[in-house]
Amino acid sequence: MPSNRAMETTPFAAMDVLEKAGKLDDIVHLEVGEPDFEPPAVATEAAIDSLSAGNVNYTHARGKESLRRAISEYYDRKYGVDVPLDRILVTPGSSPALLMVMLDVVDPGGEVVLTDPYYAPYPNFVRQAEGHTLTVPLSPDNGFQPQLQEFEAKMGSDTQGLLINSPANPTGAVMDATAIEGLVDLASQTDTHLISDEIYHGLDFDADAHSVLEYTDEAFVLDGVSKRYGMTGWRLGWIITPPEETAAMNRLVQNFLICAPNHVQDAAEAAIRDGDNLDDIRRTYRRRRDLLLDAVEDLGLEMGYTPAGAYYLLLDVSSLPGDSFTVADRLLEEAGVALTPGPDFGTQSEHTLRASFATSTEQIQEAIARLDAYLQH
Ligand SMILES: Cc1ncc(COP(=O)(O)O)c(C=O)c1O
């Protein structure tokens, strides 16, 4: 019999839909958040060179110094902040990084406050540390921007973490600088850990995504190469830790992760050093967003907001018969379009489906044509 902890871990609907869709022919995939562009060629070359050079052993648990230097220089270049190498921990993807942070921050019974809609696995990470989550509801009416007072209202003596994500999955909202600064102050005044998932940084097209590191050293930042460099399957992420948490975090990473793959660390370094010029990618995503947004309005599924980053859009399916899971199943089986049911991302997205526009423009056009034909008959 699996443990209670395992039994309470909810499925990740996007992956479930992907699995279901994999058994059907001729499906347009808008369910997963996987960039369709190639990783930088220098990353592939660096991985091959690294393997050829025999870099197949464990590395330091913190990650190779040259990679950590590249990460530190990236923060200096992009945000003008100084991140010393000993505050950087390299991990096999940002997902295990999230787990390590929750194990560091949350005691049994502790609480983490996050916004709803949220990235579906967040509550599961908190649950593994025997904590639970409290949510601050967001609304499309103000572009899914969080209100500081609502965070304050949720916090109590058991609150150990505030978890934010901008640009956000599943809304694509980008938090404005004032909101981030307000949360930094709130976390500092209440002696609460601030955790910022910045995995979609660089993919902001209508508003600038700010790093919490611009306002404080006392925060955990999670990032990686998955989204920005189109390297999801390489499994490489990192954590910037507050100065006083580095030793404990290093112990967790040593025990549970050992290290990220040696040659992938070299590939990540090459990708990061290759530069931050993502203008073409950002332009492409913005065009696809506009294409999808216009179509969704014509189909009567719009939520009345415009994603400013990442590559997701929530569609309002409350006018269609059945709950979001039923609607997602029907659109998959009868229209051949795979979308993720919104309830996976919290109660605020209960009557929605999430569309990812990380796929090609042709595929998005095909999805729109199929949805149009299906919804009209
Ligand atoms: C908000 C958010 N955080 C973290 C991750 C996990 O990314 P990684 O590939 O680095 O594990 C994802 C992946 O979809 C995500 O959307």
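1. Let me start with a loop residue. Serine 360 touches Asp36 and Arg288, leaving out residues up to four places away in sequence; contact here means heavy atoms within 4.5 Å. Serine 360 sits in the loop between β12 and α13 (361-376). Helices (H or I, at least four residues) and strands (E, at least two) are DSSP runs, numbered from the N terminus. With a relative accessible area of 19%, serine 360 is buried, a class that covers values under 20%, with exposed over 50% and partly exposed in between (1.4 Å probe, protein chains only).

2. A word on the basis of these remarks. This is a predicted model, in which local features need pLDDT of at least 70 and side-chain atom pairs count only at pLDDT 80 or more, while totals for chains, interfaces and linings use all residues. Residues are numbered from 1 along each chain as its sequence is written, and side-chain values use heavy atoms, with hydrogens and water left out.

3. The axes of α13 and helix α11 (residues 279-298) come within 10 Å and cross at roughly 5°; axes are lines fitted to C-alpha atoms, for helices over the stretch in contact, and angles run from 0 to 180 degrees between N-to-C directions. The two helices α11 and α13 are therefore roughly parallel to each other (angles under 35 degrees count as roughly parallel, over 145 as roughly antiparallel, 65 to 115 as roughly perpendicular and the rest as oblique). From α11, Arg288, Leu291, Leu292 and Ala295 meet Thr361, Ile364, Gln365 and Ile368 of α13. By class, this contact has five nonpolar, two polar and one charged residues; Ala, Val, Leu, Ile, Met, Phe, Trp, Tyr, Cys and Pro count as nonpolar, Asp, Glu, Lys and Arg as charged, and the others, Gly among them, as polar. Arg288 of this contact is also a residue that serine 360 touches.

4. On the α4 side, the residues are Ser66, Leu67, Arg69, Ala70, Ile71, Glu73, Tyr74 and Arg77, and they meet Gln265, Ala268, Glu269, Ile272 and Arg273 in α10. The residues of this contact divide into six nonpolar, two polar and five charged.

5. On to the sheet. Three strands form an open sheet in the order β9-β12-β11, with antiparallel pairing; two strands pair if DSSP finds at least two bridges between them. β9 (312-316) and β11 (340-341) stand at the edges with a single partner strand each, so one side of each is left without a neighbour in the sheet. Five bridges join β9 to strand β12 (residues 352-356), and aspartate 316 stands opposite threonine 352 in β12.

6. Finally, two partly exposed residues. Phenylalanine 12, in the loop between α1 (4-8) and α2 (13-22), is partly exposed at 25% relative accessible area. Beyond its neighbours within four places in sequence, phenylalanine 12 is in contact with Tyr119, Ala120, Pro121 and Asp344. Leucine 103 lies in helix α5 (residues 94-105) and is partly exposed, with a relative accessible area of 32%. Not counting residues up to four places away in sequence, leucine 103 touches Gln128, Ala129, Leu252 and Phe256.
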